[in-house]
Amino acid sequence: MPNSLWVERLTLTNFRSYVSASVATDAGPQVIVGANGSGKTNLLEALSLLSPGTGLRRVPFVDLARAGGDGSFAIAAHAHTLAGPADIGTGLQARTPTPNPSPQGGGEFSRSSERSERAGRIVRIDGSAQSGSGILGDYLEIVWVTPAMDGLFTGPASERRRFLDRLILCFDHSYRTIAGRFERAMTSRNRLLADGVRDNAQLSGFEQVMAETGVAVAAARLEAVAAMAAIVQKRRERDPDSAFPWSSFQLVGTIEDDLARFSAIEAEDAYARTLRETRERDRAASRTLDGPHRSDLIVEHGPKALEARQCSTGEQKALLLGLVLAHAELLTERQEGAAPILLLDEITAHLDVHRRGALFAEILRLGAQAWMTGTDADAFSALRGKAQFWGVEEGKIRSLS
């Protein structure tokens, strides 16, 4: 399959429920079936760690090692990547003490990732050690959907920001650095306020960094929303009766509003002024109350002109999958036809037969290697002869094809 990203061989050692496991696949869809608790999601989590960050569960790496082991784990893959065939390895050495989290943290951009990186995650490409997981973005693009994301539209705004930020990271790897700088500057400002510091020079220094990076974060999000809106419109024109309804988006936040009216420099000045004028309020609140960490992504069911949070569970699942498929299509376009790897955990839940068939058809049209889990193989019957089937039981994987 030309221009495709896929994992040809995956080997796990002391990872979660797996003492040792290995699978050899093709570039097509992969269906993993098994009872609840058998290790299906663990397999997808291992695959997610072939990309930057902390994986689909976002837990510290020390928690990924098999219970009863020495605290180490290893994930090895031979993959077809953006840079050609490559051997990718990641893991953790024997257990080390977990650092204490930073006080006065505000956020969601980088703290869990930083703690996990300090816990000693190892990344190797073709046998060569790398300085961090960020380089993995130059090799594989991986998009996932988990049951925890079913509450995306009804949960806190932080979940929708995280969803959008992960989308941005897929085609702008520098975004993590910018967002991390904002997070660190905000944490430092919060600490000064908590300590009763009123020195203007100290506070202004961090506030200026927050203004510059906060506006950059908001601008990147607005650009991503516009790109998603364009691909959603393209999908709508191609298939107006899609089982996955089109969505409209609105990014709500003070900085975003300023960027719609002013230049980036003017927006930076406005945000720096806001931070300066609200120091005492933020001191009383023990956190910064204005900035991109407070923005929200509002999604609307296009055909019904109804906010997603007011839709039924089934409609919300269809909207979520529509967004993920649009994201995958956008990445495919930007990568000259190389579709991202899709990790779809318990994906048939809340989908009727029609929507399941439509999802499988979309995956085949994209040419993506999609790893899908479920408890019932019959739910994937439309993929017989078009996908490899695997059974998982008690930390062991066997072919069902």
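Tutor: Let's start with a term: buried means under 20% relative accessible area, exposed over 50%, and partly exposed in between (1.4 Å probe, protein chains only). Also, this is a predicted model, where local features need pLDDT of at least 70, side-chain atom pairs count only at pLDDT 80 or more, and totals for chains, interfaces and linings use all residues. Residues are numbered from 1 along each chain as its sequence is written, and side-chain values use heavy atoms, with hydrogens and water left out.

Student: Why is Thr 348 called buried?

Tutor: Its relative accessible area is 16%. The cut-off is under 20%, so Thr 348 counts as buried.

Student: Where is Thr 348, and what does it touch?

Tutor: Thr 348 sits in the loop between strand S12 (341-344) and helix H10 (353-366). Contact means heavy atoms within 4.5 Å. Setting aside neighbours within four places in sequence, Thr 348 is in contact with Arg 356, Phe 360, Ala 379 and Phe 380.

Student: How do you know that the protein chain is as compact as a globular protein of its length?

Tutor: First, the secondary structure: 10 helices and 15 strands. Those are DSSP runs, numbered from the N terminus (helices are H or I, at least four residues; strands are E, at least two). The radius of gyration, taken over C-alpha atoms, is set against the globule rule, 2.2 Å times the number of residues to the power 0.38. For 401 residues the rule gives 21 Å and the chain has 22 Å, which is close, so it is as compact as a globular protein of that length.

Student: What makes a group of residues a nonpolar core?

Tutor: A nonpolar core is a set of buried Ala, Val, Leu, Ile, Met, Phe, Trp, Tyr and Cys residues joined through side-chain atoms within 4.5 Å. The largest one here has 102 residues, and Trp 371, Met 372 and Phe 380 have the most contacts inside it. Helix H9 (residues 313-334) gives the most to this core, with 11 residues. Apart from it lies another core of 13 residues, including Met 210 and Leu 275.

Student: What does Trp 371 touch?

Tutor: Leaving out residues up to four places away in sequence, Trp 371 touches, among others, Val 7, Ile 32, Leu 47 and Ile 341.
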